[in-house]
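Let's walk through a protein model together, one piece at a time. Have a look at the picture, then read on.

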Amino acid sequence: MAHIEQDRPAPMSNPLSQIRMQIMWNRLIAIVEEQAQTLIRCSFSTTVREAGDLSAGIFDPQGRMLAQAVTGTPGHVNSMATGVLHFLDEYPIDTMSPGDSYLTNDPWLTSGHLHDITVVTPAFHRGKPVALFAATIHVVDIGGRGLGTDGRQVFEEGFSIPIMPLARKGTMNEDFLKILRANNREPVQVEGDLFSCAAASEDGCRRLVEMMEEFGLADLDDLGNHIIDTSRTAMLHAIEALPRGTFRNEITIDGYEAPVTVKAAMTISDSGIHVDYAGTSGPSQFAINVVLNYTAAYTCFGARCCIAPDVPNNYGSMSTITVSAPPDTILNVQRPAPVAARHIVGHITADAMIGCLHKAMAGGLQAESGGGWNPMMRGSGWFGNTSRIWENYLFYSGGMGARPNKDGLTTTQFPSGVRIIPIEAAEAITPLLFWRKELLPDSGGAGKYRGGLSQVLEIGSATDSPISVQAMFDRVEHPARGRNGGLPGKPGKLTRVKRNTLLTAKGQHQISSDDALRLELPGGGGIGSPLERRPEAVVEDVAEGYVTAQAACDIYGVVLNEDGTLDRTATAMLRSEMVKIGRDGPATA
Amino acid sequence: MIGKSGRARVGVDIGGTFTDFAIEIGGRRLSRKVLTTAAAPEKGVLEGLAALLEDAGLSVDDVGLIIHGTTLATNALIERKGARTAFVTTDGFRDIVESGFESRYEQYDLTIDLPKPLVPRRWRFSVPERIDSTGRIHRPLDTDAVKALVPQFEREGIEAVAIGFLHSYINSEHENAAHRILQDALPGLSYSLSSVVSPEMREYERFSTACANAYVQPRMATYLQALEVGLSAAGIDCPLLLMLSSGGLTTIETASRFPVRLVESGPAGGAIFSSHIARQCEYEKVLSFDMGGTTAKICLIDDFVPQTSRLFEVARVYRFRKGSGLPLRIPVIEMVEIGAGGGSIARVDSMNRITVGPDSAGSEPGPACYQRGGDQATVTDADLMLGRIDPEQFAGGKVPLDPAASGRALAANVGDALGSSDTLAAFGISEVVDENMANAARVHAIESGKDVTKRTLIAFGGAAPLHASRVAEKLNVSSFVVPTGAGVGSAVGFLQAPVAYEIVQSDHQRLQSFDLDRANGLLRQMTELARTVVEPAAFGSALEEKRMVFMRYVGQGHEISIPAPTGPILACDIELLRKSFEEEYGRLYSRTVPASDVEILTWVVKVTAGIADAQKSKVPAHEPYQPKPTGKRRIFDSDIGKVVSVPVFQRESLKPGATFSGPAIVVESETTTIVSDKFKVHVNNLGYLECTRHGAH
């Protein structure tokens, strides 16, 4: 600028450069958000475009994650964060060229099952590799048995892609794509999604170069170190506020052939948090096993939600939490164990972390959640003027656990972050006919703060052909627990509607064309005694049909007049009676 | 030009706090602000109008047209002050509007709340019926079940009814039948059918839109009637048109039927204001940048037409976060709105990073420098500290500012934590808010499949000209423009809006098996309907029709829009559509997808009348001259991290042709324009400041 005045001292360069760093950091986050948006807009699979089952991030040349888009699911993001290192082992960054892309779906290297494909693309600036863009997407099919619990080895679960080039110098690896198409039920969608990944990463590379030009950067070293150091320090600072010690929590869920117990010991020290899963159940013969990568992903997510939700996800913030699990447990399963439905047990680790920290943090934390039920629907037959086989992966949510000062969220995914696929969109692409999707009264665990309600779905065939469902559901025998006297959420249940037969929560079931599948999802746990819930809130719940009048009386001790208003006197009497006989729980038969 | 010729046109924008007026007659423009009278908004309109006419020395007979926009519908949705509304839907699906997308809009925050549905569960009713995705009836409508709702509605005192059945966008037979039955029994209620309000696929958005329409309908109808009566009692008999969220105008009759389409009409007026400037000055690609006290609104304008969208989110419950509001599937001017305005509060987070907004100090207590009890550091405090605002000239000198108060607030909120001087803290705040806006613009552009660079940035609203220079630099945009009349941009924009109506309809067709008759039949129907809406408000102006189709590769989830022929579609057009699609797709995403069929999901017909004539800036050319600065002011230069002295110009003394280089400050009563050393300024023939990057043209 002209007119520079010389009489003033130059301001401290440190805060100024700190501000510059922050601006560049924000820009990096914006770039990966763009990358994710491009991916969503171009993708073919409903899993990606409707449900948002994807992630995108940028890494430095050493494979340390610097920023991620917040659209993704924690399972992708956190496992992608370590996965990129494996790419660099296989293809050192010096051997990469502009226009290259590499991919893999190796469960042990990335996010735990073959359906998640990770694509890594190097970004070049002034002829030098300066960063890597990575994206993980959940593709709708990967051949084999398809997504389900019944594989006995990973080899049965589909087409495995070792780390290899998807494109070299801008030319797609046509040999690879040919083999992929031949091994896939939805080749157009899956191949289209890989093209979308390439497009999104190219977009990210372009933006990154623009940014580096603007700020006059030759590399991302200083910025990367700043991001990692700042985030790590912030996490350690947050951890400092927690009490020192080891906090334990144990959650048992249904599992497949036997219940699975997840046993967590969280040790909080000055150097960070370590979580160990010693004592957790052993591997299953079936595909509910979890690789350590995925275990770490949801462990880290669960802990970070409670401790420092505002610290961005990157190598620095994640490095403060370490995870171990003995190799003979279901949370660190070894090859060639089947892993397709790893989310069932994997997701529980987030609740396990919340349970540990509940004991460490003043005020407590949310109760256990019902989780998501993701039915994989499959069939074949005439639809839309063609006869073909089809698959459709759907996402539905149970109730979330109550919070220490408010009710749990009704029908909301946790810990996963996906959106549902609209019924009309699902019916437009596959011959399904939904008959019901409604909240389930009394499904939220009773408490001073009620657990979130779950829902009931009825899904049938729109044609004369039967449909099948790969059931991979849990919390049918082991509901989401409440805290501090709050009751558990309602357990889940699945049945055939007409034949009224009970179905198992794991495995494949055929539903004939004249029948329908009924899914009753699990509700969230409550917090505090139901007798402490404000009677007005119970009256409102009954008016809205969230709680039945019967449950209001039996469990909450709230008596309603015939017109639905509160009978204050009768309620006070009933509640004191219930407290006196120690019945601050549900009425027993 | 619409309205009675030779007479004044008046734009009226009812906002939350102020009602803005702009009057135009014979090339002259006047504006006025009065307080909004929330209880009976028509009162404020009538009083303000009378005062405005007096200012202008005009009588009621001189008013030829009133164009009106209002946030009443938006406020009713935000404040939950709508009608007692019932929702009737397919048996088994009454909770679609409560479950929504079933996802958390904020991944890591365990304390979030979800937006509550407008219709409580006790008033959501379902009846047996079912239509599939091809329009085939699987289960006929149970008319007795519909009839059985009548006594329940009566008992509950229901005022408005939304009807939404699955797949009604493809077959509305059941919605129509249910409507007839209820209308016959309860003719006094208002009805909103999802197949009419928003005939598009995806049940949550469609039902949510129908419910919102029903919810605001009785209140809006009452207000619009009261306004009509009031105007006629005051002797004003000219036509009254309403501003739609899509930027078009419509009649009171249509507005009363589809009040949900009035949501956000104020900001839409701002976008129209920008579009008008774009047309006047022939800027083909524009980034409209409207920064006020609470939020910044960013809109992309191509070929003088603001970008539109078919989805809007109203009443966000969490920091303007996407996903935290109620979805409305209506034609809207596509905008991104973030919590970044002059009043946005700055703080430091756990990582010593500066955060700005989204909460605002508003006008009460306002920024610390207002000295009205506010002690939080805001963007305005930062601007003052950096020397960008003259404390004696703010708001034409009516609001004296106290830099010392800003300094204290900046130190307390930011400086102390960072160990930096007040000036650097202020610089940090300014950088962060500018970066936030630039990032919002960039991500918005990519979400819309557009490039943000190579655009002209048009800055209006009180705070935008202070920040436009830096935002333009960050976006790598080579020029920005500060128009005149920026303070009441929306009301001025209303005067430039065309009478227009847009109909959007889902009907899925693959190009490989394209049914010409079906497509042409549908388009004919849509055209007729749109013309019926526009004609009464066009006052004989010629109608112009535009058609678009939303296309994608078979199996993709997001479509891109492609212009379609206005006449009947012929067999040879199908290949042309495919080609246009592939060209556009390749342009947006670098690659096309080989061997994939292409499908049309959605059809759009827009009928427009009477686009206001734009004054062109190109003729006559003014001699360039170099104006003399009226003084100098010391401002902080971010590039070198020092305070420098910069020449100041008074806006009203700058004549067309004035040319000077940055750094410079241009002062006017409503705002201040900061021009960095990267830009040179040219005052164009309309008096707008055209700021162009050195070396660019």
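We begin with a sheet and then turn to the helices around it.

This is a predicted model, in which local features need pLDDT of at least 70, side-chain atom pairs count only at pLDDT 80 or more, and totals for chains, interfaces and linings use all residues. Residues are numbered from 1 along each chain as its sequence is written, while chains are lettered from A and ligands numbered from 1 in the order in which they are written.

Helices (H or I, at least four residues) and strands (E, at least two) are DSSP runs, numbered from the N terminus. Four strands of chain A make an open sheet, ordered S8-S9-S10-S11, with mixed pairing; two strands pair if DSSP finds at least two bridges between them. S8 (245-253) and S11 (321-324) of chain A are at the edges with a single partner strand each, so one side of each has no neighbour in the sheet. Strand S10 (residues 272-276) of chain A pairs with S11(A) in the parallel sense over four bridges, and His274(A) stands opposite Thr322(A) in S11(A).

Now for the helices. Helix H7 (residues 292-307) of chain A lies across S10 and S11 of chain A, at about 140° to S11(A); axes are lines fitted to C-alpha atoms, for helices over the stretch in contact (C-beta atoms, placed from the backbone, within 7 Å), and angles run from 0 to 180 degrees between N-to-C directions. Helix H9 (residues 343-360) of chain A packs on the sheet too, touching S8 and strand S9 (260-269) of chain A.

Finally, the axes of helix H3 (residues 74-90) of chain A and H7(A) come within 8 Å and cross at roughly 120°.

Methods:
Two residues are in contact if their C-beta atoms, placed from the backbone, lie within 7 Å.
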